[in-house]
Amino acid sequence: MTQFEIALYPGDGIGPDVLQQAVRVMQSIGERHGIRFKFKTLDWGYEYWKEHGRVVPEGFLDEIRDVDSILLGAVGWPEDIPDHVTLAPLVQIRQAFDQYACVRPANLFPGLKSVLAGRSADDIDFIVIRENSEGEYIDNGGRFKQGTPDEVAVQTAVHTRKGVERILRFGFETARRRRGRLTMATKSNAQKYSYVMWDSILEELTPEYPDVEAERMHCDAAVMNLVRWPDQFDVIVASNLFGDLLTDLGGILGGGLGLAPSSNENPSREFPSMFEPVHGSAPDIAGLGIANPIAAILSVAMMLDHLECPAAAHDVRVAVEKALLEGAMTPDLGGHLTTIEMGDAVLASLHD
Ligand code: NAD
Ligand code: IPM
Ligand code: MN
């Protein structure tokens, strides 16, 4: 029997609720495929902060360094703690474990209604690959003369040749396994150092992938084109911040944030990778028991792929697709199911 140790970081708001359903699915799929999961549950986040005055313990990275994967629900409780405090450990995990490839598929499941008039599952099937280790998310800057009229804030993005090259190669490899089309979203008409370097590196790499049609697009145009011509996109590679923005758009185009999974991958496998929904802690519906757990469940499928259990991953995706086709829907999709009932529906499809 294969065994994996998985760190569970439920987090805040709807995070614990959606993670609970994801764990039920893992246990069930594990039984079917001979996989045993050993869980290490982390009580970090808002509740931990109330008790200890900080959201994670000191040396928190060491507690998860040796697990096989990390599964996160969502973090953030902005009413009581500034987001940049609650969310810092998440970004630190991504960077410390060199999870440089953030993969965020956006595909509309058959039978779901698109937010875009006249579009269906055939039109919306793309993946955003977000550079996840540097760029605009580097902790690099400061505030001076804070609180005075002369206050200055400096926050400088860092783009390295190594970082850009490896994420573009990851994008090319992904495109090659899909429809062979790569769009790099930058903003080299305004940012003449960083994104012009991205453009040069794309140009250098393109001849190495003759089977991939590569193009570059300014990120503002990409946003517009994703809305008017979503069917023309296959793989989009973007910097950390642009990737963040494009994947909320991807989430809604793919049927809603309640359905959008993501991975934070360390492709060299030197460190654990982390899997999480694209969505946040959704304080507006937290505690109501109506959050859609599908994004978390599909994040489990991405984790299973990474753990080299593709048949198990496939079964999870098929079960989700089947449950949705049969009309299982939480309120965000126009239905009435609770989080637990949606979990039940996926489990029922899994057992069919
Ligand atoms: P959000 O993603 O939490 O919610 C945006 C909207 O989508 C809300 O209306 C919410 O109800 C809805 N939604 C999200 N997930 C849903 C689900 N599973 N089922 C049904 N509806 C769902 O974004 P926000 O409101 O801007 O941020 C809330 C908090 O989450 C903030 O603290 C933010 O910083 C944090 N955040 C965390 C993550 C993360 O943990 N990875 C990601 C994004 C935002
Ligand atoms: C995401 C989130 C995070 C990000 C926040 C919580 C730091 O929005 O995973 O998309 O910006 O990366
Ligand atoms: Mn985001």
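Helices (H or I, at least four residues) and strands (E, at least two) are DSSP runs, numbered from the N terminus.

The model is predicted, and local features need pLDDT of at least 70, side-chain atom pairs count only at pLDDT 80 or more, and totals for chains, interfaces and linings use all residues. Residues are numbered from 1 along each chain as its sequence is written, chains are lettered from A and ligands numbered from 1 in the order in which they are written, and side-chain values use heavy atoms, with hydrogens and water left out.

Buried means under 20% relative accessible area, exposed over 50%, and partly exposed in between (1.4 Å probe, protein chains only). Contact means heavy atoms within 4.5 Å. Setting aside neighbours within four places in sequence, Met 329 is in contact with Leu 112, Leu 324, Gly 335, His 336, Leu 337 and Met 342. Met 329 and Leu 112 are 217 residues apart along the chain. Their C-alpha atoms are separated by 9.8 Å.

Phe 275 belongs to strand S12 (residues 273-277). Its relative accessible area is 0%, so Phe 275 is buried. Residues up to four places away in sequence are again not counted, and Phe 275 touches Ser 69, Ile 70, Leu 71, Leu 72, Ser 262, Ser 263, Asn 264, Ser 299, Met 302, Met 303 and His 306. Between Phe 275 and Leu 19 there are 11 Å in space, C-alpha to C-alpha, and the two are 256 residues apart in sequence.

Gln 21 sits in helix H1 (residues 15-33). Gln 21 counts as buried because its relative accessibility is 2%. Its side chain makes a polar contact with the side chain of Arg 24, at 2.7 Å. A polar contact is a pair of N or O atoms within 3.5 Å; within protein, one must be able to donate a hydrogen and the other to accept it, and residues adjacent in sequence count only if both atoms are side-chain atoms. Not counting residues up to four places away in sequence, Gln 21 touches Pro 293, Ile 297, Thr 339, Ile 340 and Gly 343.

Next come the helix pairs. Helix H8 (residues 219-228) and helix H9 (residues 240-253) pack at an angle of about 5°, and their axes are 11 Å apart. Axes are lines fitted to C-alpha atoms, for helices over the stretch in contact, and angles run from 0 to 180 degrees between N-to-C directions. H8 is therefore roughly parallel to H9. Angles under 35 degrees count as roughly parallel, over 145 as roughly antiparallel, 65 to 115 as roughly perpendicular and the rest as oblique. H8 contributes Cys 219, Val 223, Leu 226 and Val 227 to the contact, and H9 contributes Phe 242, Leu 246, Leu 249 and Leu 253.

The ligands complete the picture. Around ligand 2 (a heavy atom within 4 Å) are Leu 87, Leu 90, Val 91, Arg 94, Arg 104, Arg 130, Tyr 137 and Asp 244. An oxygen atom of ligand 2 lies 2.8 Å from a polar side-chain atom of Arg 104. For a side-chain N or O atom of Tyr 137, the distance to a ligand 2 oxygen atom is 2.5 Å. Ligand 1 has 22 residues around it, and Val 75, Asp 83, Gly 280, Ala 282 and Asp 284 come nearest. A polar side-chain atom of Glu 276 lies 3.0 Å from a nitrogen atom of ligand 1.
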